[in-house]
Structure formats: structure tokens, C-alpha cells
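User: I'm new to this one and would like a close look at a single part of it. Could you walk me through the aromatic rings, and then show me what surrounds them?

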Amino acid sequence: MTVSHFVWPRNMAQDYLYHLEAMNAKDAKRLWRKAIREAWDNRCAYCGATPIDTKSLTLDHVKPKCKGGEDITKNCIPACRHCNAAKGSEDWITWFRHQDFYTISAEIRIKQWLHTGRIGQYYYELDLWTS
């Protein structure tokens, strides 16, 4: 199934009614993961690194699944393999604040995502990917 016309997320709830699309679970998961990566400009939410390929940019469950975290947009952020493995099941803020690449602006971006599932334009206007 080709879903090149897929737009995510929809702006308003009624947009789902008028843009109803059918797909299998595999395609839905792939598009969901892709949309999260694209919302973060295909960069690691923690260190800002651009991955070599899409397979090296993983999705990190900010609240780990082993601690009750869910597979929902607001709990998943893109992370390079290094950051995802290093964080493991630790509390993300505790882990993140001890990293050399930590910035308060990146912490704010992640908190905003956890609250809304989106990143505001304001944060993109600042140079947040550098220390």
C-alpha cells in the first residue's frame, strides 16, 4: 500500500473523519515512528546528532516500558543508538543532566514533547542543537 499522501498529525480531530485512511498495523507503526523522527528533524532528542541512516535513529521510551511507560507519542522520542543504550531504563532527567551534551533548551524541548506530543516553533528558532 502506498501512503505517500499521508499527513501526520492532523490539525483537528474532524480531519481524521475527512481523511480516513486504511492501512495495516505494520504500515501504521512505520508511519508513526517516521512522524516522530521527522518532528525532531531526524535528530537525537538528547544529543542532537544526525544519524547515519534511519536504523541508527531509534525511538526511546522516555518513561521506560519496564517502569510503566507506554507506546504513545508523548512517551517516545528519537534517540541515537548511543544515547538510547546509555540511558537504558534510568530516569531521563537524571541521566540527561549528567551528559556532556546536556542543554537546558533540549530539556525544555523534551518536556514540551512529553506534555503535548509536539515541538513548538519557538524552540526551532533558537539554536538549540549546540551548547
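How many aromatic pairs does the structure hold?

Analyst: Keep in mind that this is a predicted model. The structure holds eight aromatic pairs. Let's take one of them, Phe96 with Tyr102: the ring centres sit 5.0 Å apart and the planes meet at 70°, so this pair is edge-to-face. The cut-off behind that label is an angle over 60 degrees. In general, two numbers describe a ring pair, namely the distance of the centres and the angle of the planes.

How covered are these two residues? Phe96 has a relative accessible area of 0%, so Phe96 is buried. Tyr102 comes out at 24%, so Tyr102 is partly exposed; the cut-off for buried is under 20%.

Now widen the view a bit. Phe96 and Tyr102 belong to a cluster linked by ring pairs, and its other members are Tyr46, Trp92, Trp95 and Phe101.

As for the setting, the protein has six helices and two strands. Starting at the N terminus, the order of the elements is α-α-β-β-α-α-α-α. Of the 131 residues in the protein, 37% are buried. If you count contacts with a separation of 6 or more, 51% of them are between residues 24 or more positions apart. The protein exposes about 8,300 Å², with carbon and sulfur atoms supplying 54% of that area.

The strands are worth a stop too. Strand 1 covers residues 57-61, and five of its five residues are buried. Side chains in a regular strand alternate between the two faces of the sheet. Here Leu57, Leu59 and His61 point one way, while Thr58 and Asp60 point the other way. Strand 1 runs antiparallel to strand 2 (residues 76-80), and five bridges join the two.

Finally, have a look at the loop between helix 2 (25-39) and strand 1, where you'll find Asp41. Asn42 is in the loop between helix 2 and strand 1 as well. Most residues other than glycine have a negative phi. Asp41, though, has a positive phi, near 60°, and Asn42 has a positive phi near 55°. With a relative accessible area of 43%, Asp41 is partly exposed. Asn42 is at 32%, so Asn42 counts as partly exposed.

Key: Residues numbered from 1 in each chain as written. Predicted model: local features only at pLDDT ≥ 70, side-chain atom pairs only at ≥ 80, totals over all residues. Heavy atoms only, no water. Phe/Tyr/Trp six-rings, centres within 6.5 Å; stacked < 30°, edge-to-face > 60°. Buried < 20%, exposed > 50% of the residue type's maximum accessible area, 1.4 Å probe, protein only. Helix = DSSP H or I, 4+ residues; strand = E, 2+ residues; numbered from the N terminus. Contact = heavy atoms within 4.5 Å. Areas by Shrake-Rupley, 256 points an atom, 1.4 Å probe, with all protein chains shown as cover. Pairing = 2+ DSSP bridges.
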